Structure formats: C-alpha cells, structure tokens
Protein chains: 2
Amino acid sequence: MTHTVLSSATKEVVIGFDKPFVMIGERINPTGRKLLAAEMKAGDFSRVEADALAQVAAGAHMLDINAGIPLADEPALLAQAIKLVQSVTDVPLSIDSSIIEALEAGISVYEGKPLVNSVTGEEEVMERVLPFVAKHGAAVVAVSNDDTGISEDPNVRFEVAKRIIQRANDHGIPTCDVVVDPLVMPIGAMATAGQQVFTLVARLRDELGVNTTCGASNVSFGLPNRHNITGSFLSMAIGAGMTSAIMNPLHSEAKTAVMAADVLMGTDANCAAWISEYRDPNAAVGGGRARGGRRRKRE
Amino acid sequence: MTHTVLSSATKEVVIGFDKPFVMIGERINPTGRKLLAAEMKAGDFSRVEADALAQVAAGAHMLDINAGIPLADEPALLAQAIKLVQSVTDVPLSIDSSIIEALEAGISVYEGKPLVNSVTGEEEVMERVLPFVAKHGAAVVAVSNDDTGISEDPNVRFEVAKRIIQRANDHGIPTCDVVVDPLVMPIGAMATAGQQVFTLVARLRDELGVNTTCGASNVSFGLPNRHNITGSFLSMAIGAGMTSAIMNPLHSEAKTAVMAADVLMGTDANCAAWISEYRDPNAAVGGGRARGGRRRKRE
C-alpha cells in the first residue's frame, strides 16, 4: 500500500489509499486575492497567519503556501511565509510556486519533509526540480502536462504522469514520494472534465498505485452554488481513488463531502470522525453537554 | 447504450448512462411511517396524494409506491394507491412489494409501462414474477440475492444479477428492461458497504451494460447528519455507474448531490438544469426578478 509521508518538525501526515483523505488548505495563495497580495508584498503577513490558523481549526491536515505576486521577490516572500506558518501551526506544508527559484528558497527554510508543488513533464522543469527534491528528501506533486501542453485525453495524461515518475525514480525519488495531479478543468467550460479526472485517477491507482492530488475548487469555476459542485466532485474523485486535494476546508460543503466519502470508503474507522463532528450534543452519552457544562440547542 | 424506458399514460422516462440520473421518490411507503400506514389501512389516501405531489414538485422523475402494511389487504391497497397517484401525477411508477400478488394487482391497474420492484434470484420468485412482467411488457428490478441469502462478496452478487438477467431473457424480457439493485447496507454497520456497491455497479456497467437502482437512504441509517452521507453516496455511486435510485428528493442534500453528479458526468448538458435550479435570481438575465416582479435578496 503506497504511503506518502509528509512532516513538519513535530507532526507526520500520511497520504494513502487506506488512510482518510488528506485536505490541503488552499487559502494562502494571493492569486485572485488582491488584498492578501498587497499585504504580503508590503511585508504584512498577519492575514497569512490568520488563514493558516483558521484552516487548521477547520480540519486541514496540511497547508499549501503560495506567494505568487507579480513584480515581487517571490522566493523571499515564499520563504518568509513558510517560516511564519511553521512557527504558528504544526501541519506539514505544500510549497507551491511555478518559479523554480521560489521552490528552492522555500525548501531551504522548511523544517521537516514538505510536498513540493510542482514538477511538470516538461524536460527543463524535470531536470531542474527533481534534483533538489531528491537532495532534500522531499515529496513532489507531478502535474500531468508536458512540453506539448495539456492533453484532453486521460490516457495521454497517464503516460505523462508515468514518465515523470520514471524520471523521479532516476533521480532517486521513490514512487511513493510522487503525488500525481491529474489537472482539473472547470466543468462549466468542458463537460468531460469530471470523467477525464475520474478515469485518470482510477488508472493511476489501479496500474501505478500512486497517490493523487488536485486543485479541487477549479472544477466549479463560474457555476452558481459552486461549493456543492466541488463537494460532489471530491466525493466522486475519492471514490475513483484520489487520496488528497488542495481545497478550502472552511467551505462546509467541500469538507462534509470529504468526510462522508471517508466514511463510505471505510477509511473513517467506526465512522468515528463523522460521529464526532456531527453527533447531536443532546443525544445520550453526548460529549457536547458534558464538555460545555450547559445544555445546547438541538442542531 | 442501454436505455430502460418507463412510462405513464402520457409521459416517458429513460434510465441510461447517457441520461440524467433518475430520482425515484421513496416517500409513499408505510414502512416506519405509522400514521401513513394507519390512514391507508382505513382507506384515507390524502397523505399518499400529498406525498406524490410534493415529491414530483421537488424533482422526482418517478415515484415508488409501496403499501406494505401488516394485516391489511396489500394487493387492494397497492392497486388503489397506484390508481390514485396516476390520477394526480404523470410520472411513471415503480410498483413495490415483497408480496407477488400485490405486484400483480398493481400491474393490472397500471397505465403505461411500470418498473416492477422487485424480483430476486430465488428460484420460486423468478418463476412467479418474471412471467407476468413479460406478459405486461414491464421492466423489473433485479435484487442481487438468491436462495443462499445476501453475499458480502460483490463478485457473488454480480453472478446472482447475471443469472436473473439470463432468466429474464429466457422469459422474453430484454436485458434493457432489467434494472439491477446491488443492495445497499448501512455503512454504520458494515464499513465495506460503500465499496461493495461501487465495485458491483462498475462491473454491472462495464461487463453487462445494465442500468442499476438502489434504496439509497439505507446507507446512512443510524448516523448523524445522515442526508449528507446519502448525498455523497449518491454522487459516488453515480461516478461508479449507477443510473437511478429510490430516494427522497425532498432532502436537499441528496437532490443536490445527484444534480451535481449529473453535471460532473456530463449528462446535464451545458449545466442547464444546475444553473436553472441554483442561479442567482439577481444575476443578469435572471428569470427570478422578472417572474417575481420584485427584487430578491442575493442568496
């Protein structure tokens, strides 16, 4: 059974088919968040800290950290954000950038074993990213596009993923430390986007036994009531074999869908996490009343 | 592409892999509903009528009709309920009883092509139910248990389903008129219940190309926040290939999960049903304001 082990200085998280789905908080990302971008650029990381704490409180097992701000010193900002987040939370981090120098700056200050997000199947990117992932003993997200772009054919994407894994192995990175991102497109723009992902994830599980992740929110871009689309997508992707996602645990529709899928896949033993999250505090032997010392309203 | 066509006197519904998922309303069933049972037994069908209308208004494409009341004349009650429901709605019906005489009484008064719910793989049941299903040109639900009981092994259930389909064919019923019920157990009692269903449904789709249905609510029996478990189960089952379910469309969690899964499977063309259900009535070209004649609050 493939286990991808990530860690902070004090805490381990395991991604695997026999484990609860790993929710990686997506919020610390200035893309589309003008205020956060301006603050980070000006050296104000108070919102980064607040977002880190809020996501962990909401159940995030890991946090994705991105500092992609135009015309800013991204390597320095990313390193600073990582140091700050590691000082206020103990969850392992995903170091997220499209700029290789930023990934290197992030990994050099990181305490523990991070997830490097990401490497693609592009020749130059593989040859620049994989050596320092190997050197630091990190895990890496493999995005299934290459020099020819993003194929709409899940079988082509499967071959790209396979090629990245082989190259990672050549650099001394074991397969369990490669987490494949099948690339999730907005379903409103491409009706086959869901089935492409489900097909690819099932092949990656059945034929290569690798863990997978994705940017889940992208699937619902542009649609009304989008968090319920994201939620159902997550449940269905988990059913197909997906084992982690970069998502927003503060959106209850998405979080609930992940927790329900854990129950239905048998990875939430005795439904303990579900019952603890949703039980009626007034029910017999309920913990809420005893802990709170007061009768709470029936939910 | 397998199409199971059901009809009332005036309306057709098609169950198929390339069609939106068919929601069969579960409410008209006195099991566990003491008041409904007492009223039906006393000849008061007002609640049956109200439940029929409410479920169709909530989006049910079909309705399941069950009159299983202890010590009552079930064949007569079932026939009466079917006649009443057919007089107030135009959706096709599923005629639901474990008593073969009741199924026969129901089918004899039904206008159109019903779904007969159900036949099992038990010798005697097959030989009594399949002839009148064939005679009336109806479709039938095949429940995957036999004289040896309900197996926990999805591969055994697959073989039972295959045997029922073959026997139906022997009686002149085409495979497209057999809808397999993989049998859904409560996940709180059996941690493998979800994966059993997903595995079996995928095999039934990939190897036999048959449509499937189930009693979806059963999966969440006994758990808190159960409608979200049912909803995620429905999304995941649709991802695995399930094409209809007996469920409660009045539970928004379940209905939304089905509609989102239709979007994600590409069977809700242009996301039209989703957008129509959930769009912001204040958005540009929104129908809500024009119809309502007043500005509504943003959702």
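Me: Why are A:Trp274 and A:Tyr278 separated by about one helical turn?
Reply: An α-helix has 3.6 residues a turn, so residues three or four places apart point the same way. A:Trp274 and A:Tyr278 both sit in helix α10 (residues 272-278) of chain A. Helices here are DSSP runs of H or I with at least four residues, strands are runs of E with at least two, and both are numbered from the N terminus. The separation is about one helical turn because the two residues are four residues apart.

Me: What should I know about the model and its numbering?
Reply: This is a predicted model, in which local features need pLDDT of at least 70 and side-chain atom pairs count only at pLDDT 80 or more, while totals for chains, interfaces and linings use all residues; side-chain values use heavy atoms, without hydrogens and water. Residues are numbered from 1 along each chain as its sequence is written, and chains are lettered from A and ligands numbered from 1 in the order in which they are written.

Me: Which kind of aromatic pair do A:Trp274 and A:Tyr278 form?
Reply: Rings of Phe, Tyr and Trp (its six-membered ring) pair if their centres lie within 6.5 Å; planes under 30 degrees apart are stacked, over 60 edge-to-face, the rest tilted. The structure holds four such pairs over all chains. For A:Trp274 and A:Tyr278, the centres are 4.3 Å apart and the planes make 50°, so the pair is tilted.

Me: Are B:Trp274 and B:Tyr278 buried or exposed?
Reply: B:Trp274 and B:Tyr278 also form a tilted pair, 4.3 Å centre to centre with 50° between the planes. Buried means under 20% relative accessible area, exposed over 50%, partly exposed in between (1.4 Å probe, protein chains only). B:Trp274 has 0% and B:Tyr278 has 16%. Therefore B:Trp274 and B:Tyr278 are buried.

Me: Which residue lies over the face of A:Phe158?
Reply: A charge sits over a ring if NZ of Lys or CZ of Arg is within 6 Å of the ring centre and within 35 degrees of the ring normal. Here the distance from the ring centre is 3.8 Å. The residue over A:Phe158 is A:Arg203.

Me: At what angle do α9(A) and α8(B) pack?
Reply: Two packed helices are described by the angle between their axes and the distance between the axes. Axes are lines fitted to C-alpha atoms, for helices over the stretch in contact, and angles run from 0 to 180 degrees between N-to-C directions. Angles under 35 degrees are roughly parallel, over 145 roughly antiparallel, 65 to 115 roughly perpendicular, the rest oblique. Helix α9 (residues 252-265) of chain A and helix α8 (residues 226-240) of chain B are therefore roughly perpendicular, with axes 9 Å apart and an angle of about 75°.

Me: How many residues of the contact of α9(A) with α8(B) are nonpolar?
Reply: Contact means heavy atoms within 4.5 Å. Residues in α9(A), including A:Ala257 and A:Leu264, meet residues in α8(B), including B:Ile229 and B:Phe233. Ala, Val, Leu, Ile, Met, Phe, Trp, Tyr, Cys and Pro count as nonpolar, Asp, Glu, Lys and Arg as charged, and the others, Gly among them, as polar. The contact has no charged residues, three polar and, as asked, nine nonpolar.

Me: Which elements are included in what covers the buried residues of α4(A)?
Reply: Helix α4 (residues 100-109) of chain A has buried residues, among them A:Ile100, A:Leu103 and A:Ile107. Their cover includes, in chain A, α3 (74-88), β5 (93-96), β6 (115-119) and α5 (123-136).

Me: Which residues is A:Phe45 in contact with, leaving aside its neighbours within four places in sequence?
Reply: A:Phe45 lies in the loop between α1 (34-41) and α2 (46-57) of chain A. At 9% relative accessible area, A:Phe45 is buried. A:Leu77 is 32 residues away in sequence and 9.6 Å away in space, C-alpha to C-alpha. Apart from those sequence neighbours, the contacts are A:Met40, A:Leu77, A:Gln80, A:Ala81 and A:Leu84.

Me: Is B:Leu250 buried or partly exposed?
Reply: B:Leu250 is in the loop between β9 (244-247) and α9 (252-265) of chain B. The C-alpha atoms of B:Leu250 and B:Val56 are 9.4 Å apart, across 194 residues of chain. With 44% relative accessibility, B:Leu250 is partly exposed.

Me: What is the omega of the peptide bond from A:Asn117 to A:Ser118?
Reply: A:Ser118 lies in strand β6 of chain A. The bond from A:Asn117 to A:Ser118 is cis, and its omega is near 20°.
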